Amino acid sequence: MMHAHKTHAARGLVAAALVLLASLTGNASEPLLRCRFPDPVDRREVNLVFPTNPIVVVPPGENLQLTCEHDGLPGSITVYKDDEPIQESSVINFSAPDRPGSYYIRLMLTGQGTTVGREICVVVPFKASATRNAEGYDLRVDDVEMGRYRHPSRSGNRKVRANPDRYQPPVWWFRITPMNSGFSVVPGLTAGELVVPSEDTGLPHTDLAPVAYSMWRTIYTLREALAAQGIPGEALKIISVFRAPTYNRSIGSSAFGRHIYGDAFDFYIDLEGDTKASDLNRDGKRDRRDAYPVVAIIEDLMDDGKIPMGGIGIYNTIGGDHEVTMHLDNRGHRATWGFLYSASGKRSNFAWQSRRFAELDRLEENEAAALAKKEGRAYARPRREPLTPTSTP
């Protein structure tokens, strides 16, 4: 077995631009790199094909397998160390180092007479240490305080209390560096996009992020599904993915918001490149109904088992930076919300009629009505707006 080697040589950053569907599935004219390795979180095999330089997060000492593919046919991989080729094979297996950190390997992929250079960043993640107290867990990663993860029993949300396993602090973390930030964790999503710059400082609030392949693959899958409906992957603009608990609370978000677990992201669809949400339903306005075609796609993916069940939120902010933004997470159970903010900041709620989960929504309403009756409160069932058919821009 061959160990990855660590290098301190200076490297230029890889471009972090998002890619079209053709890039997500690979450029047929060039050999592609397939990476197989166990997910540090759930031990399931991660099996991804990269058209660009990948970053793979592998548990300490675990096996990583690399193969080359070109137009559906196998190719070969040459591994370099200190600019010298040290191994060439159709299948490269090596064990990840035991020590946390980023390790870089230079490769040449050859298939059908075509050769391309690639560099792979193999990351061995840090394991968090948690100090339990009456409120929850105070987490440290590589001697950095990440903040407090409150115990689910402290939540006022019954679904949080009913699913305590979904609200445990992440165990595995890795450090985003200037050298690896442009490498792709999945096709079309770079490590640097996992912690976006803060609005107040213009800089990421942390350089540590939890390992969340489930969420990263969800973003990749959604981009592919959007592209199949004529919305290119590059039109999905990411606003936020991971937020550390302390920072999350500082911007007014929930103590149990999924961003602190790394399995949520906020985004908007921008076809014109003007940083505003696009008029997807073609009614001449930018409002919440432009998110409904995307909601329909997400619900299809959830119901078909292509992405995990989770939360879907829509924010329509009149005069806001993007006008209409969305939230998607992998919490494991259905949750939906819609907030409309007027120009003065006043908030009102809205809801949509699900095409795939109407029965779940009715059950949710029945439970809420029963609880309100028990507590002597009035309850009004939400007026649900229909989801518009998915349209091609």
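Tutor: Let's begin with helices and strands: these are DSSP runs, numbered from the N terminus, with helices being H or I of at least four residues and strands being E of at least two. By that rule, the protein chain has six helices and 27 strands. Keep in mind that this is a predicted model, where local features need pLDDT of at least 70, side-chain atom pairs count only at pLDDT 80 or more, and totals for chains, interfaces and linings use all residues. Residues are numbered from 1 along each chain as its sequence is written, and side-chain values use heavy atoms, with hydrogens and water left out.

Student: What does the radius of gyration say about the protein chain?

Tutor: The radius is taken over C-alpha atoms, and the globule rule is 2.2 Å times the number of residues to the power 0.38. For 393 residues, a compact globule would come out near 21 Å, and the protein chain has 22 Å, which agrees. Its C-alpha trace spans about 75 × 50 × 40 Å along the principal axes.

Student: How many of the residues are buried?

Tutor: Buried means under 20% relative accessible area, exposed means over 50%, and partly exposed is in between (1.4 Å probe, protein chains only). Here, buried residues make up 50% of the 393.

Student: And what do contacts tell me about the protein chain?

Tutor: A contact means heavy atoms within 4.5 Å. Take the contacts between residues at least 6 apart in sequence: 64% of them join residues at least 24 apart.

Student: Okay, cysteines next. How many disulfides are there?

Tutor: A disulfide is a covalent bond between the sulfur atoms of two cysteines. The rule used here asks for a pair of cysteine sulfur atoms within 2.5 Å, and the count comes to zero. Cys68, for example, is in no disulfide, and the nearest cysteine sulfur, that of Cys35, is 11 Å away. Cys121 has its closest cysteine sulfur in Cys35 too, at 11 Å, which is too far for a bond.

Student: Are those two, Cys68 and Cys121, buried or exposed?

Tutor: Cys68 counts as buried because its relative accessibility is 3%. Cys121 is at 0%, so it counts as buried as well.

Student: Can we try a histidine? Where is His333?

Tutor: Look in the loop between strand 23 (324–329) and strand 24 (335–341). With 12% relative accessibility, His333 counts as buried. Leaving aside neighbours within four places in sequence, its contacts are Lys159, Asn163, Tyr167, Met309, Gly310 and Gly311.

Student: Which strand holds Asp138?

Tutor: Strand 14, residues 136–141. Asp138 has a relative accessible area of 21%, so it is partly exposed. Setting aside neighbours within four places, Asp138 is in contact with residues including Ser129, Thr131 and Arg148. Also compare sequence with space: Asp138 and Pro169 are 31 residues apart along the chain, and their C-alpha atoms are separated by 9.1 Å.

Student: What is the phi of Thr275?

Tutor: Thr275 has a positive phi of about 65 degrees although it is not a glycine. You'll find Thr275 in the loop between strand 21 (264–269) and helix 5 (292–303), and at 41% relative accessibility it counts as partly exposed. Arg282, also not a glycine, has a positive phi of about 60 degrees. Arg282 is placed in the loop between strand 21 and helix 5, and its 55% relative accessibility means that it counts as exposed.
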